[in-house]
Every structure is written in structure tokens, then in C-alpha cells.
Amino acid sequence: MVVSSEEGTDKIRKVVGFGYWVQGFRCFPWMAVNFFLKDGLRVDSSTLQLLQNSANLPMVAKPLYGVVSDAVYIRGQHRMPYIAFGAFLQAVSWLAIAMLSESGISIGTMTLYLLLSNLGASIAEVANDAIVAEAGKQSKSSKNSQPSSSGELQSFFWMASAMGGVLGFLLAGLSIDRFSPQKMFLFYGLLLTVQFFLSIFVQESSLDLPKRTANVGIQEKFTELLVALREPEIAYSITWFAASYAIIPALTGTMFFYQTQYLNIDSSVLGISKVFGQVAMLLWSVIYNRHLKSVTPRKLISAIQVTMAVFMVSDVLFVNRIYRNYMGVPDNFYVVMFSGLSEVLFFIKILPFSILIAKLCPRGCEGSLMAFVMSAIAVAFIVSGYFGVVLASYVGVTGNDFSGFPRALLIQALLTLLPLYWSSCIPDDVKSKTSRKKK
């Protein structure tokens, strides 16, 4: 059966788009996890942040998943079976947590199942990212395709993920006080079960992905990945991007405790704040696709980095109660309008960077290289999280004492600006460099 490029792209949008939407919806059970750890297991802010970041350890092995996905075919397919397997692991973990009684859940048990869930999510994300990279290159090689098709696909799936996040946070904010965490875990587990069954019935040939030209093993794929990573543009870009995250001490756990424990912000307000942030991500993908694709990656990513620091300084004013006491801005208003945006800024620069890497990526190792990029980002986030725990401890922040929190936020803002000094590591004119390679 011959599948046209247009039919294949449309099928990819539906199948992979649903996968991105489901992964965006992961915020629904994870918000329940945060409240359950704080209120149910009575963990402090540092322990909460340690658990959040430690649960991301399976994402560090994404290059391995990418290499295996590139090299090992299952019944003639090397993307859809891995998406199905990832959905299966996630469904098993969330359904298992849902079946446990509250008294029978310990921190160790919870961490184990969260690790299993993130292992499945990592495998599915690697396969999804590889399909997008392959489809983009396939579109470029088509005579009737537009040069921007790769970026349009990236933006579309970014929008799908953001839409999942919008709905996930909205429902989570409304459900926290109405349903037990176990019921929320059960709902997401059932959603993943639906994704699993949909994935196993989709034939990869219907996606019109590039055909396999040779029988390439895992060792050869590792070699191809190493060759790609020796390209200065790729190596320097990934190093800078990962370092720009790792150098920033994440204070999300501390801010969560400050808002819920100290200010007694209602869970519905936090949910609306997260929704506002996800809507901003959705708008960002539209704005980028329509107006910012012509802006060089270095300028765009550097501008986002500066904006992140500005929002951190704004958080200092918020924690010092300057907005409330001197400007009359209610805490709830600030949390809804700015806190969600502040968190989202950490992620929006991933879109232009992933498009940059997709353009630089050699044909044949899309899955491996994109997985390596996501792994590097995951490692950076984990380092950032641990760094944040150390910083919070250094300034004396505890579950009941937040007097040192403004100082921690100022240090965070200063460190956020530091990577701008070596932003030249990011290529400034990707098109000309790519065209020279073709010549």
C-alpha cells in the first residue's frame, strides 16, 4: 500500500499529536503527587524537590533508548512499538499507585512507581521525537514541501503538548479538593491504557517515514551518534543549552511550599496559575511559528534567558510582599498571572532549540541525537534541582522559615544571566551553514 506524503503527515499529526497531548496531560497526576507528598506523607520542601528530580533519572538514559529505537526493529517497525511499550509502562505504574491504599504507600514505594512511569514516558518521548525529526527531513526531501515544514511540525506537537497541559492543570486544580489522589492516578492510568491500544494498532508504514536503507546495528548507531556529536555546531550548542539549565538552582519545591504552606494559596488558584502558563506555551508556539522563525536561535534563546532572570527578580518583590503592601496586588493575582509564566519560561526555549538541532542533525540518527539532547536537558534539570536544594539549605529556608528565600531568588537570577557570556556557542546563521554543507 503506497501512502502519499500528505496522508503520512496527516496520520503523524493524529497519532503522534495524541501522544504529545497525553504526555502534556502528565501534569494532572503529578500535581496530585505534589499535594499527596506534602499533605499525605508530610515531606518537607527539600525532600519534595529531591523526589521530583530523582524521579527523572530514567530520562538520563534517553540516548540508549534512541539508539535502540534507531537500530532494533520489531516486526519491521522501530517507532510505534516503542511508543506502545512506553505507554504500557506508564499505565502499569499509575494504575499500581492507584490500587494502593493511602496507609500502604511509603516514600520508597511511591518513588519506585514514579521511576517506572518516567521510564515509560522517556521511551515514548524518544520515539515521538524521532518520528517528528524523520518526518521533517522527509518533508524537506519532497519536491512539493515547504522549507518550514519541519518547524511547523515541531510547533504543532508543541501545541498538542501545551493543550494537554492546559486541560491537565485545569482539571487538577479542580480535582485536588474533590477527589482522592488515587482516583486521579487511576484516571490517568486508564488514559494511558487507551494510548497503548491505539499505538499497537497503528502500522508504521502508514506514516510514510524514510525507508530503512541498510541493516544497521546498535554499535553502528552509537558510532553515528558520536560522529554527530563531534560536529562543533552540535556539540557546542548542546553543551551551552544544558549548562544554561544546570547552572540555575531550581526553587520550585520551595516556591510550592511558600505558596501553599505560608500564603495558604488554594489548590484551585495554583491550578489556574498552571493553566495560564500552559496557555502562554500554546500562544508561544503559534507566535514562534508565525513571526519568530526568522529570528536567529542565539538572539531568541538569549532573550528568553534574560526574561527568565527578570521574572526571578519579580519573585523577589513578591516574596518580600512589596507587590501586596506597596502596590496593592493580591497574592492570588500574582500567583495566577506570573507564577505560571515564570515556570513555563524554563521550557519555552526548548522549542527553538529542538528545531535548531533537527536542522543540524545528520540523516539516520534522528532518534539518537534528539534523545541525547533530551537526556542532556534531563541531566541539567536534575542538577538544577539538587543545586536548588543546596541553595535553599544554605540560605536557611525550611518548611516554616522563608526569611532567606528572597536571597536565594536573587542568587538564582544572577546565575541565570551568567550563560549569556558564552552564548556564541549557539550558531547564529543555521541556514547558511546548512547550505554550505549541501554544497
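User: How are helix α5 (residues 80-99) and helix α8 (residues 181-200) oriented where their axes come within 8 Å?

Analyst: In this predicted model, local features need pLDDT of at least 70, side-chain atom pairs count only at pLDDT 80 or more, and totals for chains, interfaces and linings use all residues. Residues are numbered from 1 along each chain as its sequence is written, and side-chain values use heavy atoms, without hydrogens and water. The two axes, lines fitted to C-alpha atoms over the stretch in contact, cross at roughly 160 degrees. Angles over 145 degrees count as roughly antiparallel, and α5 and α8 are therefore roughly antiparallel.

User: What kinds of residue make the contact of α5 with α8?

Analyst: Contact means heavy atoms within 4.5 Å; on α5 the residues include Phe 88, Trp 94 and Leu 95, and on α8 they include Phe 185, Tyr 188 and Phe 196. Ala, Val, Leu, Ile, Met, Phe, Trp, Tyr, Cys and Pro count as nonpolar, Asp, Glu, Lys and Arg as charged, and the others, Gly among them, as polar. The contact residues divide into 18 nonpolar, six polar and no charged.

User: Is Ser 375 buried or exposed?

Analyst: Ser 375 lies in helix α17 (residues 366-394). Leaving out residues up to four places away in sequence, Ser 375 touches Met 59, Val 60, Ala 61, Lys 62 and Pro 63. Buried means under 20% relative accessible area, and exposed over 50%, with a 1.4 Å probe and protein chains only. Ser 375 has a relative accessible area of 5%, so this residue is buried.

Key:
Axes are lines fitted to C-alpha atoms, for helices over the stretch in contact, and angles run from 0 to 180 degrees between N-to-C directions. Helices (H or I, at least four residues) and strands (E, at least two) are DSSP runs, numbered from the N terminus. Angles under 35 degrees count as roughly parallel, over 145 as roughly antiparallel, 65 to 115 as roughly perpendicular and the rest as oblique.
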